[in-house]
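Good morning, and thank you for coming. Please look at the sequence and the structure as I put them up, and keep both in view while I speak.

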Amino acid sequence: MLTTQYKNKKLHMEDVALETLAEKYGTPLYCYSAAQITQNFNAYRDAFLKVSAPENFTICYATKANSNLAVLRLLGGLGAGADIVSGGEMARALAAGIPASKIVFSGVGKSEDELRAAIAKGIFQINVESEEELVQLSALAAKMKKKVPVSIRVNPDVDAKTHAKITTGKKENKFGVDIDRAPALYKKALKMPGIDALGVAVHIGSQLTSLTPFKRAYERVAELVVKLRKQGNDIRRVDLGGGIGITYKDETPPDLTFYALMVRDIIMPLNVHVVMEPGRSIVGNAGVLLSRVRGVKKGASKKFLILDAAMNDLMRPALYDAYHAIWPARLAAAKETYDVVGPVCETGDTFHIGEKLPALKAGDVVALMTSGAYGAVMSSNYNTRPLAPEVLVSGKKSALIRRAQTVEDLLKQDQIPEWLG
Ligand SMILES: *Cc1c(COP(=O)(O)O)cnc(C)c1O
């Protein structure tokens, strides 16, 4: 059940009318529903509790999808661990109270400082992406007199059938170690000081709307685990990577129950601890970007609906041609066709082309739907636009969870060298 719905023709998030949030906090404004995040996380947990015991799996929320401390605190309280891809994200997860023992560190280019910090904290697992990184990690761990739990991320050469910019599991992608070359690397790992290569990790891409690519990848991983055990590697964990896709427009993502059954059939017979790293499917549909209409501009052949939100606030349409449905705060019949754009000086600053909407005017509030994942976290200050504030809604309550940046904040970061006078 979506917690963002029309009630009496007014768009609500839980029990709060979104227009009142626009009034109170200003726009553009990111709003997240705590009940929706909870529902989404529990859907993963419940699906896996049906096929496994609680001690046999860990759901490590992919922090990069939405790393606000309040979101992390909420998820940590529900029992989530964290999947991080930078030292900054580790700092956020720890600050939100997620223990190091539930943190997985992924990413293709970790710095030495980041690796050292992760080892020092004693995190659950480091997902290594190359032989070079494994050698580096071994040297660091040995020097620190620690043994680091490592999964090697393998690249299974499976087409995730998702957008080219978010596919990661094909041979030509930069991610992971070619699965055919993995056994040789695991053999080397056996002799490396400071390394306990206890797991295999895989992540083939994001926004997958079919189980088939997951199934192919997991079958290849299962074969690899058998092979690795035969050559002496004591493999105790399998990290399944990101979660399933979500509905932005008309996609029908697979049911988590079927996903869990597939994992039960392919991975669980290996008797390993299962790690999952869902991001988008936990927070995506829990968030909207609220915006006010700045005005309607009549072009030669089109009507442009100009919003106060722009590509710097929500980059996905410009970056991936992503679709974010636009719902007016007040429900009315669709009578107009608009190109919906932001005020930034780029033609790419376009949310919709030829979208049917009610007649709207300056000051009206609209919501760009399904913006909770890869929304605020990807925003920038392009055109010297301060980052939008963020609000968390729970029942009738709302709270600011990131204050609005100001132009003053931005100017303060720059410095003019003395010699410029
Ligand atoms: C981005 C990413 C995820 C999260 O993917 P979603 O599609 O948002 O669930 C998980 N694991 C890794 C390694 C990632 O890079």
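This is a predicted model: local features need pLDDT of at least 70, side-chain atom pairs count only at pLDDT 80 or more; totals for chains, interfaces and linings use all residues.

His203 touches Arg153, Thr168, Gly169, Gly241 and Gly242, leaving aside residues up to four places away in sequence; touching, or contact, means heavy atoms within 4.5 Å. Residues are numbered from 1 along each chain as its sequence is written, and side-chain values use heavy atoms, with hydrogens and water left out.

Where does His203 sit? Its place is in the loop between strand S11 (195–201) and helix H8 (212–230). Helices (H or I, at least four residues) and strands (E, at least two) are DSSP runs, numbered from the N terminus. Is His203 buried or exposed? It counts as buried because its relative accessibility is 17%; buried means under 20% relative accessible area, exposed over 50%, and partly exposed in between, with a 1.4 Å probe and protein chains only. A polar atom of the His203 side chain also lies 2.9 Å from the backbone nitrogen of Gly242.

Let us turn to Gly176. This residue is in the loop between strand S9 (148–155) and S10. Gly176, at 19% relative accessibility, counts as buried. Not counting residues up to four places away in sequence, Gly176 touches Glu129, Arg153 and Asn155. By contact, then, Arg153 is a partner of Gly176 and also of His203.

Next, the ligand. Which of the 14 residues around the ligand come nearest? They are Lys64, Ser206, Glu277, Arg280 and Tyr374, where a residue is near a molecule or strand if one of its heavy atoms lies within 4 Å of it. A polar side-chain atom of Lys64 lies 2.7 Å from an oxygen atom of the ligand. In the side chain of Glu277, an N or O atom is 2.5 Å from a nitrogen atom of the ligand. For Gly279, a backbone N or O atom lies 2.8 Å from an oxygen atom of the ligand.

Finally, confidence. The chain has a mean pLDDT of 96, and 100% of its residues reach 70 or more; pLDDT is the predictor's confidence in each residue, from 0 to 100. Confidence is lowest in strand S10 (residues 177–178), at a mean of 94, and highest in strand S4 (residues 29–33), at 99.

Conventions
A polar contact is a pair of N or O atoms within 3.5 Å; within protein, one must be able to donate a hydrogen and the other to accept it, and residues adjacent in sequence count only if both atoms are side-chain atoms.
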